[in-house]
Amino acid sequence: MKNLESIVMLIDADNTQLSKLEAVIQEISAKGRIVVKRAYGNWRKETLKNWEEELKRLAIKAEQQFDYVSGKNATDMALVIDTLDLLHRGLYDAFVIVASDSDYTPLAIKLHESGVYVMGVGEKTTPVAFRNACDEFVFLENLNKTTDSHQTKAAGKNSGKKETEIAETEEPQGDEMREIHKLLRIAWDKYQENDGYVNVSSAGQYIKRAKPDFDARTYGFSKLPDLIEAFPRKYSIKRYKGKGTVTIIAYKCQ
């Protein structure tokens, strides 16, 4: 994905974690330049009383939205209206919705249809419909998370085991991990070079398109190559020099 030049970040304060706010900005900033930062909520609520200082510190504009009916907030509607207004200005190439609410699914679909890059940030409980409506979805639980690979952890506990034994016995083998292996094989089938290897970067881009909430950190790995290397019975890895100081990493299914 190319570096984004004008990112809009819109936060539903009723639907995210204050403690993760700075980590969210750091994560998004790795994609490009954030030019709009807004947080929506009824700041008179007791549950949002601690947000003021953090919003000031992080230079996030606070948008006040009163509750018109007791027990029902209007934050999501205010966020949606502002998002569409910003979209129609035609100045921004990416929108980030920080929320875990499925109500934002139609908004994400509309943004996607308009040709901008759509990123969601929310908890793992976020409904899959909203996650899949985005180009990319990041779990809050993965932010500020130590990402030592399972392979390294397992090696420390099982110094007498061979690497292949560690990978096959210690790594997660649930439905989600099986889905990642399936996508890695599809990517290998479609994008492999004449030597039978596929660039990990190309595979990663494909997986993101097929599964927007994919993040190697969810499975305990810093990056996709670390995940692939943890399964030596399934994949063989090779590295070769690219342009300048770049090292290309490629894999082949066994």
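The dialogue below takes up the pocket and then the aromatic rings of this predicted model.

Biologist: How much space lies in the largest pocket?

Modeller: The largest pocket holds about 990 Å³ of space. Its lining comprises 24 residues, and those closest to the centre are Lys31, Glu136, Gly204, Gln205 and Lys208.

Biologist: Which elements give two or more residues to that lining?

Modeller: They are strand S6 (136-139), helix H9 (200-210) and helix H10 (224-229). H9 contributes the most, namely six residues.

Biologist: What classes of residue make up the lining of the pocket?

Modeller: There are 10 charged, nine nonpolar and five polar residues in the lining of the largest pocket.

Biologist: How many aromatic pairs does a search of the whole structure find?

Modeller: The search finds eight aromatic pairs. In one of them, Tyr191 and Tyr206 stand 6.1 Å apart, centre to centre, with 55° between the planes.

Biologist: Is Tyr206 buried or exposed?

Modeller: Tyr206 is buried, at 14% relative accessibility, whereas Tyr191 is partly exposed at 31%.

Biologist: Which residues form an aromatic cluster?

Modeller: Tyr104, Phe130, Phe137 and Phe139 form one cluster.

Biologist: Where does the charged end of Lys238 sit?

Modeller: The charged end of Lys238 sits over the ring of Tyr197, 4.8 Å from the ring centre.

Key:
Residues numbered from 1 in each chain as written. Predicted model: local features only at pLDDT ≥ 70, side-chain atom pairs only at ≥ 80, totals over all residues. Heavy atoms only, no water. 1 Å grid on protein atoms, 1.4 Å probe; cavity = no way out; pocket = protein on both sides within 12 Å on 5 of 7 lines; lining within 4 Å. Points joined across faces, edges and corners; volume = space filled by probe spheres on them. Helix = DSSP H or I, 4+ residues; strand = E, 2+ residues; numbered from the N terminus. Nonpolar A, V, L, I, M, F, W, Y, C, P; charged D, E, K, R; others polar. Phe/Tyr/Trp six-rings, centres within 6.5 Å; stacked < 30°, edge-to-face > 60°. Buried < 20%, exposed > 50% of the residue type's maximum accessible area, 1.4 Å probe, protein only. Lys NZ or Arg CZ within 6 Å of the ring centre and 35° of its normal.
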